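Dear colleague,

Please find below the structure that I am handing over to you. My notes on its salt bridges and on one helix packing follow it.

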Amino acid sequence: MKISVIGTGYVGLIQSVGLAEFGFDVVGIDIDETKVKRLNEGKCPLYEDDLEELLKKHVGNKLKFTTSYDEIKDSAVIFLCVGTPQDDEGNADLRFIYSATESIKNQLDDGYKILVIKSTVPIGTNRKIKELLKDYNVAVVSNPEFLREGIAVYDFFNPERIVLGFENLEYKKPIDVMKEIYSHFDNNIPFIITDWESAEMIKYASNAFLATKISFVNELSKLSDEVGADIKIVTKAMGIDKRIGNKFLNAGIGYAGSCFPKDIKALIKQFENNNISPKLIKATDEVNEEQICWFFNKIKNYYNNDINQKIFAVLGLAFKPNTDDLRESRGIKLIDLLLKNGAIVKGFDYVEKARENTINRYKLDKSKAFYGYNLYILEDLYETVKDADAIVITTEYNFNNEDWEKIKTAVKNKVVFDGRNILNAEKIKKLGFEYYGVGRK
Ligand code: UGA
């Protein structure tokens, strides 16, 4: 079966290499010529574990990339994986969805095709796409993705559930084709076969629930700090209760990335567009926006509100470990706040491309150029902490594995602000460091 995948971002690229690995003939389509050229040379545009290896394995055989929508003509199934960024008002911007739908439409004839929407789209979008294609023999299927950046390839091959939304559950053809495509997974993986709107909502509901868990513990962490409780112990005990579960209860400086912040804002808009006031989800968003400011104030207070010319070693640039993705990164937000308040920042990330992206971000953003000279991005952690007035942890890498004896001799002032509660606080304190976590001391 020949399959086209439109969009070669995180979702589309992983879908393309994953389907090629399953043995399908896959064509990845993207409007970006340079990207397509590089992909055909086996060069991966983004950092993701195992992705480049898989790309190299299949490109030129089961997998090719092109800018031409012509390839759709003889594809039985088309996966739509273009971005749905946030617009100025917080809505999901569907510009790319609709322009891709138009391009697909231009290639359709009488033959039967299945168009699968993998992009995260507001509830009702699959129906609108079908309306645009009503004169053609096309089934539209909603198939939201649940890939986590950094381990997206693993997630593709080990899904916890496959969600499929159809126009009409009586009509078996598209259901059977989709089941065939995903038949390569273990038999025990649950398939949720439902209508379009429920499938679309499952995606938003899942992300919003996880984000709410995070904001819930982050709100508690502030109280924890005031009353002297340890949020790490509180959440550990909470998580033992199976009804609560022990995942996504790590207090920190807030959730980030390309999905949670944007999806939560888009869900709020969908409530408002339906004249319902989204109280809980709005609070999730507000708590998240505030958390980094609260943490920054904690740092500032330590220095009696004067951090001018103080040197901060910020460990973690990308929004989470093992990615180069800076989108909404709390580390970057904190660097902005530190620089704006006159501090000198030495930034570090284990991922080279995350460091490169940070350098480019500050170079390109002219509004930040005036304090750009106070920022140094380094490739060695020990060089980063050298002469620092404080170490600030912003990404949840396991920094416990570093040589803290060596770090101790390198820093100017032995104080750590652990924005991800990742360090073994007792060990650090025994070495003579002052330790400030999020909701724990
Ligand atoms: C998230 C979802 O986890 C995926 O299931 C979903 O498919 C994806 O969004 C998407 O919509 O495409 P991702 O953005 O890669 O995946 O990141 P997560 O691992 O979920 O982490 C999101 C943020 O939450 C990170 O900034 C992380 O630091 C933060 N987080 C996570 C916490 O602050 N505390 C926790 O306990 C867990």
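In this predicted model, E52 forms a salt bridge with K56, with 3.1 Å between the closest N and O atoms; the term denotes a side-chain nitrogen of Lys or Arg within 4 Å of a carboxyl oxygen of Asp or Glu. Both residues belong to helix α3 (residues 51–58), where they are four residues apart, about one turn of the helix. Helices here are DSSP runs of H or I with at least four residues, numbered from the N terminus. E52 is partly exposed at a relative accessible area of 31%, and K56 is partly exposed at 49% (buried is under 20% relative accessible area, exposed over 50%, partly exposed in between, with a 1.4 Å probe and protein chains only).

Residues are numbered from 1 along each chain as its sequence is written. As the model is predicted, local features need pLDDT of at least 70 and side-chain atom pairs count only at pLDDT 80 or more, while totals for chains, interfaces and linings use all residues, and side-chain values use heavy atoms, with hydrogens and water left out.

A second salt bridge joins K282 and E272, at 3.3 Å from N to O. K282 lies in helix α11 (residues 279–302) and E272 in helix α10 (residues 260–273), so this pair ties together parts that are 10 residues apart in sequence. K282 is partly exposed, at 34% relative accessibility, and E272 is partly exposed, at 30%.

E328 and K333 form a further salt bridge, their closest N and O atoms being 3.8 Å apart. E328 is partly exposed at 33% relative accessibility, as is K333 at 32%. The search of the whole structure finds 34 salt bridges.

I turn now to the helix packing. Helix α8 (residues 196–227) packs against helix α9 (residues 231–240) at an angle of about 135°, with the axes 10 Å apart. Axes are lines fitted to C-alpha atoms over the stretch in contact, and angles run from 0 to 180 degrees between N-to-C directions. The two helices, α8 and α9, are therefore oblique to each other (under 35 degrees counts as roughly parallel, over 145 as roughly antiparallel, 65 to 115 as roughly perpendicular and the rest as oblique). On the α8 side, the contact (heavy atoms within 4.5 Å) is made by F216, V217, L220, S221 and S224, and on the α9 side by I231, T235 and M238.

With kind regards
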